[in-house]
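Here is a short report for a first look.

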Amino acid sequence: MAEFWRWKEYNWKDPDKDWKTAKMITAGIDVGSVSSQAVIATDGELYAYSSMRTGSNSPDSARKALEWALQDTGMKQENIQYVVGTGYGRVNVPFANKAITEIACHARGANFMAGNSVRTILDMGGQDCKAIHCDEKGKVTNFLMNDKCAAGTGRGMEVIADLLAVPIEQVGELSFNVPEEPEPVSSTCVVFAKSEAMGLLKDGWTKSKVLAAYCLAMAKRVSELLERIGVEKEFFITGGIAKNAGVVKRLEQVIGISAVQSKYDSQLAGALGAALFGQALLQKEKAAGKVA
Amino acid sequence: MAALEKFEHWYHNRHEYAREWKKRTGGKVIGTFCTYVPDEILTAAGMLHSRILGSHEPQDVTEPHIFGMFCPFCRDSLAQGLKGRFNYLDGIVLAHSCIHYRQTFDSWRAHIPTEFTYYLPMPNMVQSPSAKSYYVGEVAKFKAALEEYAGKKITDADLDRGIELTNKNRRLLHKIYEFRKTDPPKLTGTEALYIATTAQFVDYEEHNKALEEASEEVADRTVDRDPGIRLMAVGSENDDVEFFKMVESVGATVVIDEQCAGTRYFWNEARIQPDRLQTISDRYVERPPCPTKDYPERQRFPHVLQLAKDYKAQGAIIMQEKFCDPHEGDNPVLKKYLEDNGIPTLGLEFDSTNPLGPFRIRVEAFLETLRTDDLF
């Protein structure tokens, strides 16, 4: 059976950089509830990364993500001088020098990816959603997380993609294929939303219309979180759902603010922030003479 | 067993303790609902005050009796009764606070056979000029009911003994809490939680003795852990030991609390007055209030802030018992009040069991915002 929720895993390296000339090599590994990313930074710049599905074993997921990021770079794990683990599996990254929460890492990563004028970050992750305020350095000043609920998360979107047999990458685009916006489905629970979507299909709704109703429900759900903390400009979205225009565009409409665009992959924010914290921590250790 | 370990032992073996006390003394054990029950009177009557607390385990026995949207503490407490864990109790007493708790008491009374039950109408409007004159009359009736039940008069000498023992307990709790003020704190929040919670169900003479010994032990202590960030816990019936342990394992120490399982139980002493019952009843009208009674003026907030300042808390965790309306009414305003006064807060919603993973990420991220050893 086709698995419509299954998004593509990938890796990348900067072909123009030679890591051997770098003074400092650090890595950030974000073991999330649904996906894991590894980022390798050389002298505080993005050098290579990978993004994969998280397996049942966090240490394995961390190891695999790092191995894949290292692939074809000629770099070995021992060349990396400092590793920071983040994400819900942060304490289970076996080779990490330090664990830092994904809340701090997403803010730091967003600061790098979208500039130091970012003040509000929405991280729409696999199984939770976070609204974060930060200062010009990317240091967290306040945050809120959704409670005990998958509505408004990537996993919820996967469930709907599977139900409608629509590949997850196409959900956003297809959701705009409606003559007018329908009413949103239930925004409080993925299980309710799924039952509702099944009913709507029976009533003759097109897949696009159901997707539009689901994307709108998700946008409204996360907007409540943002309203509770307040949206200060600039506003930036990280995490997998940031790639779903069906949710992002509707969210921008609901809150009346457009999100900053970045050339970087939104899903990297956590791992990238972790790698950059690794860089700062390594610098401090070097300055203190703890490492060569 | 070192004195300090006794509190943890009592906390985890409260039922065994009460049964053993009963066997040893032949006295009556009275289950108490709410920290507004005047334990002085029970002590004067030679009875053991035995606070009814939950077990923090999932349960499915209360559903037919009280609503699912009643607070988890109430449901957890009733579950203990329905499961027969408090079957040694001779009586129960509720001092009125909130409706959820009253329904819990009523349900207990209706479904669990108990010899003596008493509803003590503690006024909610403690700020009214007539609160004290009203409550002293109610406390007198409570005393008479206990006398009738026991078939024995409670004498002035008994009342003096009850007042003396409870006041001494409060003084000793204050004294041991002083060790939380030091830098680094000599007492962890988890230890303090065991200490303060057990005062609500251990014989005062024994608890006082253990407190005296424990204070000496703690005074000589050298702290070998990194205390991290100094936090305050603000809440209600939050004897959430596992939560406190988790917080203190990720780079923080809870240095002070404002909750029923803590300072709200013991903070003020009974002021000695010529009338013994007035001495006792005034103490409850004057104590740091529960949100149910903190109206129209919010007198609790300056008290919370003063505690945070005195114990040098760098941040506060506001522990909201799910569906607890009185606290839900206070917390958004309290959060702003503390933050305006330089105490950052983290709000968490508690159920009877603690979702430690989701709580941990929130607590760690909160601590990261409070740390000055920055990552930049």
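Chain A exposes about 12600 Å². Carbon and sulfur atoms supply 48% of that area. Bear in mind that this is a predicted model.

Charge comes next. Chain A carries 34 positive and 34 negative side chains. The centres of the two sets lie 4 Å apart.

Now the inside. Of the 292 residues in chain A, 55% count as buried. The chain holds eight helices and 10 strands. Its radius of gyration is 19 Å, close to the 19 Å that the globule rule gives for 292 residues, so chain A is as compact as a globular protein of that length. Along its principal axes, the C-alpha trace of chain A spans about 70 × 45 × 35 Å. Take the contacts in chain A between residues at least 6 apart in sequence: 69% of them join residues at least 24 apart.

What about disulfides? The count over all chains is zero. A disulfide would need two cysteine sulfur atoms within 2.5 Å.

| Cysteine | Nearest cysteine sulfur | Distance |
|---|---|---|
| Cys98(B) | Cys74(B) | 5.2 Å |
| Cys290(B) | Cys260(B) | 6.0 Å |

Cys98(B) is in no disulfide. Is Cys290(B) buried or exposed? Its relative accessibility is 11%. The cut-off for buried is under 20%, so Cys290(B) counts as buried.

Notes:
Residues are numbered from 1 along each chain as its sequence is written. Chains are lettered from A and ligands numbered from 1 in the order in which they are written. This is a predicted model: local features need pLDDT of at least 70, side-chain atom pairs count only at pLDDT 80 or more; totals for chains, interfaces and linings use all residues. Side-chain values use heavy atoms; hydrogens and water are left out. Buried means under 20% relative accessible area, exposed over 50%, partly exposed in between (1.4 Å probe, protein chains only). Helices (H or I, at least four residues) and strands (E, at least two) are DSSP runs, numbered from the N terminus. The radius of gyration is taken over C-alpha atoms; the globule rule is 2.2 Å times the number of residues to the power 0.38. Contact means heavy atoms within 4.5 Å. Accessible areas come from the Shrake-Rupley method with a 1.4 Å probe; for residues, only the protein chains shown count as cover. Lys and Arg count as positive and Asp and Glu as negative; His and the chain ends are not counted. The place of a charge is taken as NZ of Lys, CZ of Arg, CG of Asp or CD of Glu.
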